[in-house]
Amino acid sequence: MNYNYVPTFTGPGHASIYTGTTPSVHGIISNQWISRTGKPNVYCAGDAAVQTVGSSSPAGKMSPKMLFTSTITDEVQKASGNRSKIIGIALKDRGAILPAGKYPTGVYWYDGSNGSWITSTFYMKELPKWVSDFNKKELPAKYLSQPWATLLPVEKYTESDPDDNECEEPFKGMAKPVFPYDLSALMKDNGGLGLIRSTPFGNTLTKELAVEAVVNEDMGKDSITDFLALSFSSTDYIGHQFGPQSVEVEDCYLRLDKDIAELLKFLDEKVGRQNYLLFLTADHGATASVPFSLKKNVPAGNMEEDQVADSLKKYFMRTYKDSFLLAVSAFDIYLKRDLIEKKKLKLEEVQKKAALYIRSLNGVADAVSEYEIQQKNFQGDTIRMKIKAGFHSQRSGDIIYVLKPNWVLGFPKGTSHGSPYLCDTHVPLIFFGWKVKKGSTDEALNITDLAPTICSMLNIPNPSGCTGIPINKLTEK
Ligand SMILES: [Zn+2]
């Protein structure tokens, strides 16, 4: 599957999988963005009007209210007359909340400040007993009391570079990024119980809660379709810190493979393989780490938001004797539209000049103004088409920029993602179980085709903003 928009981040990724459309329609344009009307910093799953359930931290002030469209899960719930059990689970709040939609039975994410699975008053007033019982087991503390050693002898990690290398960001308090990791010693300086996110045991913990959900919510027991939306977030945390070439990432996937095997075995026994339909995909890919690319003589670099902001401010001062920059938020650049108007300048002109300037920065591949994005369809320009599909006029910036291949934003070591290139946009999709015939394809399909495929297989309406098309190979009767 190919992500047919930018930026390829977690929030937009989960939203696009489950809504069958791009950020231009579902509105999740990034993980966070800048609001011109309310409080400036908006988080894609944030909701100040709700409270945390399950702990006293603010980590539960979350809901799916930022989504403009319905999700597969919403359509499943509607089709069953609200009789479906729908559960969203992920360490990352946005990885649980956006997939589960607006009418789930429960959505749970991890509060690293105390090691609890929590939810919000958007969903319920108190945690179900099975979730608080699970929290009482204090599994995060147990997992972190053991070292993280490689699953296999280290010489078996043939898809990775040597364990000790300069592409990786060591944990705080360690001189080198090497196995074995003494997790209990690392907790103090690396987020306490939140450290589990950056280990493969974060995925194991997620799987364990998922098993409890199926058992305690009686999922898959009757003729009504239930939906379990899981996201394994540790792959991303470990990927950011160590990069795709690391032994840490390879070990994480070897262990995730085991976790998934255990989950499938459990589902086979509990629900029966012909009674569940499973799809597995990713919310984005990853770029090679910058030092890794440079080592191989591939042009690459790291860019910081502050660098973009500082140089644009200076440009504005030189050109207009005033800075029109409001904020740089990831790949969105927001301008002070009121000030531009006060100075009797044309917004479209200032945007155009600023975009032209941003395009001159080392590491930038392209920058497009809001005016251009609104006016043109960019047919044939695959990168600008992705910019347009990722753009929502109520939320996006005045200028959207894209970095050159192998350039990343804010990760001099480890890596990131967010680009329009295949390393970040191309992800696997695996179907398994109910109605799935054997086969494979490397046909270019869009991530937005996944939701209508599921809806077609379930014979239910598509999500409200769906713009994808069903994958015929899977849906033909
Ligand atoms: Zn990430």
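The model is a predicted one, so local features need pLDDT of at least 70 and side-chain atom pairs count only at pLDDT 80 or more, while totals for chains, interfaces and linings use all residues. Residues are numbered from 1 along each chain as its sequence is written.

Asp283 belongs to the loop between strand S8 (277–280) and helix H11 (290–295). Helices (H or I, at least four residues) and strands (E, at least two) are DSSP runs, numbered from the N terminus. Leaving aside residues up to four places away in sequence, Asp283 touches Thr10, Gly13, His14 and Ile17; contact means C-beta atoms, placed from the backbone, within 7 Å.

Thr10 and His14 turn up again where helix H1 meets helix H4: Thr10, Gly11, His14, Ala15 and Tyr18 in H1 meet Arg94, Gly95, Leu98 and Pro99 in H4. By class, that contact has 4 nonpolar, 4 polar and 1 charged residues (Ala, Val, Leu, Ile, Met, Phe, Trp, Tyr, Cys and Pro are nonpolar; Asp, Glu, Lys and Arg are charged; the others, Gly among them, are polar). The axes of H1 (residues 10–19) and H4 (residues 93–100) are 8 Å apart, at an angle of about 25°. Axes are lines fitted to C-alpha atoms, for helices over the stretch in contact, with angles from 0 to 180 degrees between N-to-C directions. H1 and H4 are therefore roughly parallel, a label for angles under 35 degrees.

A second pair is helix H3 (residues 72–79) with helix H18 (residues 450–458), whose axes come within 10 Å and cross at roughly 20°. That angle makes H3 roughly parallel to H18. Ile72, Glu75 and Val76 of H3 and Ala451, Ile454, Cys455 and Leu458 of H18 make the contact, which counts 6 nonpolar, no polar and 1 charged residues.

Helix H5 (residues 129–136) has Val131, Phe134 and Asn135 as its buried residues. Viewed down the axis of H5, these fall within an arc of 100°, so they line one face of the helix; the arc is that of the directions from the helix axis to the C-beta atoms. They pack against strand S5 (106–111), strand S6 (116–120) and helix H8 (201–216). Lys129, Asp133 and Lys136, on the other side of H5, are exposed.

Note on methods
Buried ≥ 20, exposed ≤ 12 C-beta atoms within 10 Å, placed from the backbone. Contact = placed C-beta atoms within 7 Å. Parallel < 35°, antiparallel > 145°, perpendicular 65-115°, else oblique.
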